[in-house]
Structures are given as structure tokens and as C-alpha cells.
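This report describes a predicted model of a protein chain. The sequence and structure are shown first, and the description follows.

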Amino acid sequence: MSQKSCIPVRLRLAKYLHPSGDQCWEWTGAKNEHGYGVIGRGKRGRGNTKDHRVAYETFYDVKLDSSSHVLHRCDNPGCVNPLHLWLGNHRENMNDMLSKGRGSKPPVRRGTANNKAKLDENKIRLIFQLRHTGLTTYQLAELFCVSRVAICCVLNRTTWRHVDVTNHFC
Ligand SMILES: [Zn+2]
């Protein structure tokens, strides 16, 4: 029997993640007709799910119900940068679409010299999540625009020890 379908979706997801700092992370796996990346749910016959939903669930360690919509701050459906994703309900999704209007894209917040090298509690949790999905410390350093030493200090709990990350391992 093939083991392939048993690999957790979060681990398969990591293969298609290409962290690039505050830029959009373009999904390099399959995409649907709307430009959203898709990934199998893990079992045959269970269909596909949008990868940015899986990305959101993975990185923020939540289970989304069908009324929750993961939205893109960057208006790029193929983007799976967790920092570009936010959670809204259906109504917010519609409002978001309306407010974006016809092709007018909201400004995407890019990393600047000022906010580089800054971590916060959410990013600490994200670092542990991403490490858990198989990213290297080099990739994490690049993503969070900090040194690899800083990443290692976070991971071995030298710094940011007060942030509870225990429930991110299952
Ligand atoms: Zn993006």
C-alpha cells in the first residue's frame, strides 16, 4: 500500500513553500482555474483544498470551518505567505472583494529597513511552525529577515522563551 497519501498535508505543503521575506510566496504546485493553489486533502476521494487555507491552518494551528475564509492582503491568489493571509467570514470576503474594486490593488506592505530584523510573538510561533514543516534555519532567516543565529536562538529557546509554542507540535 502506498504511504504517499498518508503524509500529512502540512508536510507536503512545505515542499511548495518558497519563503521570500515579505514578498509574496508564489505557490509552485497545482492551481485551479481562479489561480488559487490546490493540494489534496490527504486521502483519496476527499478532494482538494485551497493551499492558502492549508497554509493558514498550518501556520496558525487552527481548524477552519466552511464559514471562514482566508483572504489575501496582497490580492494575489497564488500567494501562500502566511503573513499575507488573514481570516474573514464570507461577508468580509465579499466586502474585501468589493473594496478592491476593478483591478485596483491595495498597497502591499513590503519589508522596509525599519521593520526588518524585528520579531514579534506571532512570528516566533510561525518560526516554530515553519521549522516543524521542514524549513531550514537558513530559509527561516531569509524569510524573517534576521540572521541565522537569531533563528537558532529562537528555536533553542535562548530568546523569546516567554512565548508558548508547545501546542504547535502534534
Ligand atoms: Zn502575497
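The predictor's confidence in each residue is given as pLDDT, from 0 to 100. The model is predicted: local features need pLDDT of at least 70, side-chain atom pairs count only at pLDDT 80 or more, and totals for chains, interfaces and linings use all residues. Residues are numbered from 1 along each chain as its sequence is written.

For the protein chain, the mean pLDDT is 75, and 72% of residues reach 70 or more. Helices are DSSP runs (H or I, at least four residues), numbered from the N terminus. Confidence is lowest in helix α3 and highest in helix α6, as tabulated.

| Helix | Residues | Mean pLDDT |
|---|---|---|
| α3 | 90-100 | 65 |
| α6 | 148-155 | 94 |

Two residues are in contact if their C-beta atoms, placed from the backbone, lie within 7 Å. Over residues 102-117 pLDDT stays under 50, and the model has 14 contacts beyond four places in sequence for them. Residues 1-5 also stay under 50, with three such contacts.

Helix α4 (residues 121-132) packs with α6 at an angle of about 90 degrees, the axes being 10 Å apart. The two helices are therefore roughly perpendicular (65 to 115 degrees). I124, I127 and R131 of α4 meet I151, V154 and L155 of α6 in this contact.

In helix α2 (residues 51-60), eight of the ten residues are buried (20 or more other C-beta atoms within 10 Å of their own), so α2 is largely enclosed by the rest of the structure. Among them are V54, Y56 and F59. D61, which follows α2, has a positive phi, near 55 degrees.

Methods. Axes are lines fitted to C-alpha atoms, for helices over the stretch in contact, and angles run from 0 to 180 degrees between N-to-C directions. Angles under 35 degrees count as roughly parallel, over 145 as roughly antiparallel, 65 to 115 as roughly perpendicular and the rest as oblique. A residue is buried if 20 or more other C-beta atoms lie within 10 Å of its own, exposed if 12 or fewer, and partly exposed in between; C-beta atoms are placed from the backbone.
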